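Reader: I would like to learn how to read cores, sheets and chain contacts. Can you take me through a case?

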Amino acid sequence: MNQAPEFSLTRDAFGRLVMTSVLGEVCVGVLPVRSFPITAPNEALALVGPHGEELAWIDQLDAQPESVRTLIAEELAAREFMPEIVSILSVSGFGTPSTWDIETDRGATHLTLRGEEYIRRLSGGGLLITDRFGIQFLIPNLNALDRQSRQLLDRFL
Amino acid sequence: MNRSTIPNAVDPPFKTGEEALAVLHTDLDERLCFGAGRVVVTGTRILALSPGDTVWRSWTLRASLRLERRDHAGVASLELLDLKGRLALWRYTLAQQDEAGRLVGVFERQSAPQSTVAFDDRLLDSAALDDALGADEEAQTPPSTWSLLRLGRFARPYRTELALGLLLTLATTAATMVPPYLTMPLMDEVLIPYQNGRPIDPDQVQGYLWGLLAAALLAWVLGWARTWLLARVSERIGADLRTAAFAHLQSLSLEYFGSKRTGDLIARIGNESDRICVFLSLHLLDFTNDVLMILMTAAILVSIDPKLALVTLVPLPFIAWTIHLVRDRLRHGFEKVDRNWGEINNVLTDTIPGIRVVKAFAQENREIARFRAANDRNLAVNDRVNRVWSLFSPTVTLMTELGLLVVWATGIWQVANDRITVGVLAAFLAYIGRFYIRLDSMSRIVSLTQKAAAGAKRIFDILDHVSSVPDPVSPVACGDQKGRLTGHIQIRGIGFRYGHRAVIRGVDLDIAPGQMIGLVGHSGSGKSTLVNLICRFHDVSEGAILVDGVDIRRYALSDYRRNIGLVLQEPFLFFGTIAENIAYGCPQATRTEIVKAARAARAHEFILRLPHGYDSVVGERGQALSGGERQRISIARALLIDPRVLILDEATSSVDTTTEIEIQQALENLIRGRTTIAVAHRLSTLRRADRLVVLDRGVVVEEGGHDELMRRDGAYRKLYDAQARQAANEAALESAAAAVAAAASVAAASAAVATAAAVSEPTIAALHQAAHLTGAVLAAASESASAPTAATFNTAASQPQKSLPEEVR
C-alpha cells in the first residue's frame, strides 16, 4: 500500500496530538492505537479521534516519516503500560490471591494475582499476567527468566 | 495499597495554617516507570512532587485551573490544565484510583464551592457504605497450605461418629498386635524346647492357637465396624462439601462466573470433592491405622527389648526424610495435573456447546488438535510427576529391606551372645515386617494426601471467594411489610469499570415509580451494563444507585432482587415442565396463577397446542420451542413474581419482526404499572417509553421523549435515521410480499404495490413518518393485504407525526 503521508501530526500546548489531513481537516486529541499490540506491535496502527472513530491507518510504522514516528512513539510510550517482568523476587503464597514482589523493566513493584486464570499463555512461550487492578505484566519468554523466578512461577502454571 | 518503593522522604512545604485536604500517591513517573510521587490539594494550592524529585512544584488555585482524569489500559493520568495549555501531568496505576477520585472531588469543591452539598453527600455515603458492607480488600488473603485441616469445619457435625470410629480403630489395631506377640511364647516355650528334646504340651499349644484365632476374629469384626462407620461419615462429609461449594457458587457475583471457565468449575465441584471423599474414607483411615500401629509396635518392641527396638527403628528417619524430600515436588505436580484436567474440561465445554460453529466452519480437526494439545500437556505433567513417584516407592521398599537386614544381623548377633531368645527375634521380625509394610503404605499416603490437599485447596478457593457483590452486614428492610418497593430509582453519578475499561461514566438518572425508560445506544455503549448495575449483578465503582431512596447495596440481595423482573434477550429455560419454568421465581404459585401469567404473556394458547400442555418438558433435550415462544414463557415468569421494577434487556432483539409484535403485546401487560427499564437496539420497541435515554460510550448523551430528541437532531436522530432507512427497506420488501399474497384481488395488489413504491423512494422526512415504528409499519403492511388501500397505510404511518407540532419549543 502507498505510504505517502496522508496527514501531518503536531503536538499542541495541552500536550494533545493534532492531526491535519491532506484535505486540511484538523482533528485535536488524536490517539495512536496498535491493532495487534502483542503479536505485531509495529504494524497495523490506527489513528483514532477523541470519540474512537478511525481517522487514519498506518500499515507499517517504520514507513512513516521521522517526525510522525517520533510523535506516535512518544504518545504510545505515554499510554502503553505493559511492564515486563524481569524477575520474581518472592511471592506471598502459592494459593491465590497471591502478592508477588517483582522486578520489571520499569522498576520494582508488587502485583496481586487473583487467580491462576489471570495468567494467559501467549503463543511463543510468553505469559501475560493481569493483576488485581487490571495492569498487565508481560513475560515475553518464560525460559529467559532466572531459575528462581521460573520455579516460583511454575507453581502457578 | 501504595506501590511506592521509595519512602516519602520529603514533606510538602506547607505555609502556616495550610493543610492537606487530599493526597494522591502517584506510583508512576512520566515515562511510566514505577516511582513514588505525590499530589496534594490544600485550601489554596496544588502541590506536587514528581518521582525521584526532591523539589515540590506548586500552583495557586484559581478559577481557570482544571484537573482532568483519564485512564487507559490500567494506567491513569491526572492533568492540570488552564486555559492556555497543560501545566502538569501525573500518572498512576488504577490502584490509586480512589485517591485520585477523592483528590479531584476536593479540588472541585475548592474551586466551585456551590457543588459542596452534592459532593459531601456522595463522599459520606460511600464511607458509610464501606462500613455497612464490612468491605475489606485485604481480607482476600491466600488460603493456608494445610487446606485439609479446614475440612474440620465439615467434620464437626459428625463428631460422635468420628470419635466412635477412632475408638474402634484403636481396638482393631490392638487386636492385630496380639498374634505376633503370641509367636514369642510359641517359639520359646514350645518349638525350641521341642527341638531340644522336650515333648509338646497339647493344652498349652491349644491355648495359644485359640488365642490367635480369637485375636484374628476380633480384628475382623472390629475392622468391619470401623470401616463401615468411617466410610459412611466421610461420604457425608464429601457430600456436604460438594453442596456447600455449589451453594457458595450460587452466591457469587456474575463477575466471578465471567472470569472462571465452566469446565474448571465443574471439575472442581465434581472431581475434587469426590477425590477428597475417597481420601477421607479410604486413605485417611488407613493412615490413622498405620500411625496407631507404628506407635503400638514401637511401644511393644521397646517393652520387649529396648536395644533391639532402637536398632529396628533406625531406618525410620531415613524414610521420613525421603518422604519429606519428595512431598513438595509431588504436590506441585498434582496441582499441575489438576489444573490441566480443568484445561481439558475447558476444551470440552467450549467445543460441545459450539459444535454447530465447529461443524459449519469445518474445524473439527482444529478442535481435535486443541484437545490433543491440552491432553499432551496433561501427559507431560503426569510424566514428570510419575518420574518422581516411580522412584519414590521402590526407594521406600529398599529402605524397608535394608531395615530388615539390620534387624536380622543384630538379632543373630544378640542370639549368638545369648542376650535374647530366638522367640524374641521371631516376634521382632513378625512385628517389624508389619511395621515396615505400614511405613511403605504410609509413604503412599503422601501422594494421596497431596492430591486431596490440592483438591481441597481448589474447592476452598471457591468457598473463600468473597462475592464482589456482598450482602450487607445489617440490611435495611426492603420496601413495605411485604417487602415490596415502590420502584423509584435514582442513579447518582455512577461509574463502572470492567477490569481497567471504564464502561459507565458519570451517569445520573431519576426514574419515577411506574415510569418506563428506554435505554438506547450503539452496542457497547453500556446499556446492558447499566441494567446489570441496577439488578446489582455488579456493584458500581463510583456513585450510587438508590431505590426508594436507599442505596441498593444496603438491601439484602435476595429481598432486593425479588422486586426485579428480568426478561433477557436469550430466554433461558431450565430442564423441566413449562409450568415449573413459569413458576421459577415463585415455586409455590398455584396452577391458576401460572395460567393467568401465561395468558397475560400471550403464551397460554401455544402452550395448549403442545401435546402435554403446561406439563410439556422444555429445556435441554426438551420440547423444541421457537424464540418467540420461549421469550413469552420468560415474560410469564417475570409476570408471575409481580415485580415492581421490570428490566427488559433486548427482550425482542433476537426474534423476527412478526414475533416481535406478539411479544410486544405480551410486554404491554407486563409493563403496566411498573417501573420499567427497557434496553433496545431496535428503537421501534420503545414506543411506549415515557422517556428515552441515549447512551454513548458509557455516558448519557441525550435524554427526553422521542419527539423532543428528534427535534434536537443529535445522537438519537442519527440512530433513528439509520434504522428508519433499514426499516423502510424491509417494509417495502414485506409489503411487496403481501402484495403477492393478496394477488387474488387485482385492485388489492395494485394498491399494495403503490404502497411499496411510496415507501421505497421517500425523502428522509417521509421516512420518519413511514417508519416511525417498525411495528406500525408492519401492522399496516399486513393490513394492506386484507384491506389494502393506500389510505390505510398512510393513516397508520402518519399517526405519530400528529403530535409533533404541539411540542415544538
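This is a predicted model: local features need pLDDT of at least 70, side-chain atom pairs count only at pLDDT 80 or more; totals for chains, interfaces and linings use all residues.

Reader: Where do I start with chain A? How many helices and strands does the secondary structure of chain A come to?

Author: Start with the inventory. Chain A has 2 helices and 12 strands. Then read the order along the sequence: β-β-β-β-β-β-α-β-β-β-β-β-β-α. Burial comes next. Of the 157 residues in chain A, 24% are buried. Take contacts in chain A between residues at least 6 apart in sequence: 26% of them join residues at least 24 apart.

Reader: Now a sheet. Which order do the strands have in the open sheet of 3 strands in chain A?

Author: The order here is β7-β8-β9 of chain A, and the pairing is antiparallel. β7 (85-91) and β9 of chain A are the edge strands, each pairing on one side only. From one strand to the next, the twist averages 30°.

Reader: Over how many bridges do β8 and β9(A) pair?

Author: Strand β8 (residues 98-104) of chain A pairs with β9(A) over 7 bridges, in the antiparallel sense.

Reader: Next, the contact. How many residues does it take from chain A and from chain B?

Author: Count each side, then ask which elements contribute. Chain A gives 27 residues and chain B gives 31. On the side of chain A, α1 (66-79) and β9 (107-113) are the elements that give two or more residues. β9(A) gives the most, with 4 residues. By class, the side of chain A that touches chain B has 9 nonpolar, 12 polar and 6 charged residues.

Reader: And cores? Which residues touch the most other members of the largest nonpolar core?

Author: First the general idea. In soluble globular proteins, nonpolar side chains tend to be buried together. In this model the largest nonpolar core has 79 residues, and B:I582, B:A636 and B:I647 touch the most other members. Helix α21 (residues 715-741) of chain B supplies the largest share, 7 residues.

Reader: Why does this core lie between domain 3 and domain 4 of chain B?

Author: Look at who contributes. Domain 3 (489-707) and domain 4 (716-807) of chain B both give residues to this core, so it lies between them. Zoom in on B:I647. Leaving out residues up to four places away in sequence, B:I647 touches B:V531, B:I534, B:C535, B:I564, B:G565, B:L566 and B:I677.

Reader: Which residues does the second, separate core include?

Author: That core has 35 residues, among them A:F81, A:L113, A:I135 and B:V40.

How values were computed: Residues are numbered from 1 along each chain as its sequence is written. Chains are lettered from A and ligands numbered from 1 in the order in which they are written. A nonpolar core is a set of buried Ala, Val, Leu, Ile, Met, Phe, Trp, Tyr and Cys residues joined through C-beta atoms within 7 Å. A residue is buried if 20 or more other C-beta atoms lie within 10 Å of its own, exposed if 12 or fewer, and partly exposed in between; C-beta atoms are placed from the backbone. Domain bounds come from an automatic or database domain assignment. Two residues are in contact if their C-beta atoms, placed from the backbone, lie within 7 Å. Ala, Val, Leu, Ile, Met, Phe, Trp, Tyr, Cys and Pro count as nonpolar, Asp, Glu, Lys and Arg as charged, and the others, Gly among them, as polar. Two strands pair if DSSP finds at least two bridges between them. Axes are lines fitted to C-alpha atoms, for helices over the stretch in contact, and angles run from 0 to 180 degrees between N-to-C directions.
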